[in-house]
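Please look over the structure shown here with the notes that follow at hand.

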Amino acid sequence: MTSTPGIATLRAGLESALDEGARSWLDQALSEAAAPQGEAAQGALPVWELRFAQAGRRCGTRHADDARLLLLHAARADAAALTRLYEQGTAAERRAVLHALAHLVPGPEAVGLVQDALRTNDTSLVAAAVGPYGAEHLDAHDWRHAVLKCLFTGVSVDAVAALADRARGDAELARMLGDYARERTAAGRPVPGDLHRVLTLTQCATEPPADTEPAGTASAGPASAEVPAGTVPAQDPAEPASAAASPQEN
Amino acid sequence: MRIFDPHIHMTSRTTDDYEAMYAAGVRAVVEPAFWLGQPRTSPSSFYDYFDSLLGWEPFRAAQYGIAHHCTIALNPKEANDPRCTPVLDQLPRYLMKDNVVAVGEIGYDSMTPAEDAALSAQLQMAADAELPALVHTPHRDKLAGLHRTIDVVRESALPLDRVLLDHLNETTVKDAKEAGCWLGFSVYPDTKMDEDRMVAILKEYGAEKVLVNSAADWGRSDPLKTRKVGDAMLAAGFTDDEVDQVLWRNPVAFYGLSGRLDLDVADTDATHEGNSILRGGE
């Protein structure tokens with residue numbers, strides 16, 4: 001769980017970036033969110049949830065994620081509230097909930113939201129799903145598939161929290177990366193540069209695995225033993241950006 | 001030529017269409033919630049559809065450099081099915097969403113009492129949510145349907161100048177214009193309007209408050225009809241500025257009444273807290 005000082009820094013940064021109108025809207029909305037709940041009229045949404053929906057047009061698309069995260073924090077939204085907001089949310093609202101998980105949910109009870117986001121092909125949701133909460137609570141199988149999904153859909157692995165720690169010595173991940181690289185090469189397609197970057201991380205010196213491997217999964221030896229150097233094709237330096245329509249995994 | 005298609009059902013179209021639309025100059029679309037061809041039988045399938053209009057479809061459009069907004073409503077055809085009318089209870093929650101720029105498509109299909117009730121209720125919701133409304137005029141008994149639509153809007157809390165009456169043609173444009181509404185024309189390969197008739201209407205009635213759309217969907221339709229109207233306007237002697245007014249500035253002005261139109265697709269969601277999520281591994 002990320003500590004409260006992170007939230008304070010976020011708020012200060014956001015307030016300095018907003019114009020006066022948006023800043024005062026945000027201050028008001030945060031006060032409403034922090035106020036004791038329960039006074040909403042029957043059948044009506046709590047006011048702060050309306051503010052959560054409006055944050056994009058009030059603070060601007062660029063700042064919507066941060067504004068929504070601050071609102072969720074101010075309202076002390078628990079896993080049940082976050083799940084409801086996610087299920088009823090636009091893509092932007094879902095993304096904000098995913099970012100908030102590490103701040104607001106100490107245990108694994110919201111991991112289903114992360115798994116849901118990883119089933120989408122919306123790269124903004126996939127990127128948010130592999131943040132700190134996913135890094136902490138996804139099991140080894142789901143986490144490896146999340147990394148592979150990033151490579152598939154073109155999400156930079158910069159978005160993957162704790163990448164080096166979780167990848168270190170992960171022979172199974174190395175095998176999956178190697179297979180994917182061979183598949184791309186057989187098809188005459190470039191291998192994503194990020195694949196080599198993650199593969200290198202799997203081959204870093206191992207530390208005692210802090211990872212919780214599901215029972216029965218082959219445990220890691222040095223990954224390089226599974227994927228000998230040279231079996232993975234080199235990155236094509238002329239790799240196209242493939243900006244359009246990359247998420248073709250259906 | 002920059003183009004805003006103010007009525008197109010992209011859920012039913014392919015990525016090839018998005019590519020071709022971008023190449024033709026389309027930079028923004030509004031996708032009204034409507035009938036999907038196959039009738040729905042439960043509210044839940046509406047919610048999944050609305051969520052798609054607020055999630056997956058804008059993402060798909062952004063891949064091709066096109067800003068995507070939507071309008072949300074229970075359409076008149078399905079308002080006649082009592083299994084679907086509970087959707088009305090959930091609409092206020094959807095109408096708060098950032099990407100929703102109007103209530104729509106509402107209006108008449110067969111002019112039944114159930115359609116009366118749904119239209120009145122949703123005009124009130126538009127007023128409450130400070131949204132304009134996209135009101136479809138019926139395909140059958142069109143002129144009578146237009147008059148009844150205008151009467152219902154007059155009795156509602158929503159001013160006529162916050163209403164876009166769509167699928168207009170030669171028989172309905174005059175009354176719609178005199179009522180003070182925004183004027184929508186759908187240009188289709190077979191039915192509704194065609195490019196040359198559209199140009200004739202623009203010559204007679206002018207470009208003020210006129211919006212042209214393809215209304216492309218799962219039926220025989222053409223997502224490039226907006227561009228073809230622009231080309232026909234130029235060929236008929238309209239200026240670039242007049243084309244821009246009809247194909248860009250008018251739809252921006254109408255949906256801008258929502259206060260929620262964000263046409264800056266390039267900046268959308270590009271980074272968060274320094275984490276690039278640009279596609280292609282940049």
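1. Leu134(B) stands opposite Leu164(B) in S6(B). Strand S5 (residues 133–136) and strand S6 (residues 163–166) of chain B pair in the parallel sense over four bridges, where strands are DSSP runs of E of at least two residues, helices are DSSP runs of H or I of at least four, both numbered from the N terminus, and two strands pair if DSSP finds at least two bridges between them.

2. This is a predicted model, in which local features need pLDDT of at least 70, side-chain atom pairs count only at pLDDT 80 or more, and totals for chains, interfaces and linings use all residues. Residues are numbered from 1 along each chain as its sequence is written, while chains are lettered from A and ligands numbered from 1 in the order in which they are written.

3. In chain B, eight strands form an open sheet with parallel pairing, in the order S1-S2-S3-S4-S5-S6-S7-S8. Strand S1 (3–5) and strand S8 (210–213) of chain B stand at the edges with a single partner strand each, so one side of each is left without a neighbour in the sheet.

4. Chain A has 14 helices and zero strands. Of its 250 residues, 42% are buried, meaning that 20 or more other C-beta atoms, placed from the backbone, lie within 10 Å of the residue's own.

5. Chain B averages a pLDDT (the predictor's confidence in each residue, from 0 to 100) of 92, and 94% of the residues score at least 70. Over residues 267–282 of chain B, however, pLDDT stays under 50. Where pLDDT is low, the predicted coordinates should not be read in detail.

Methods: Buried ≥ 20, exposed ≤ 12 C-beta atoms within 10 Å, placed from the backbone. Contact = placed C-beta atoms within 7 Å.
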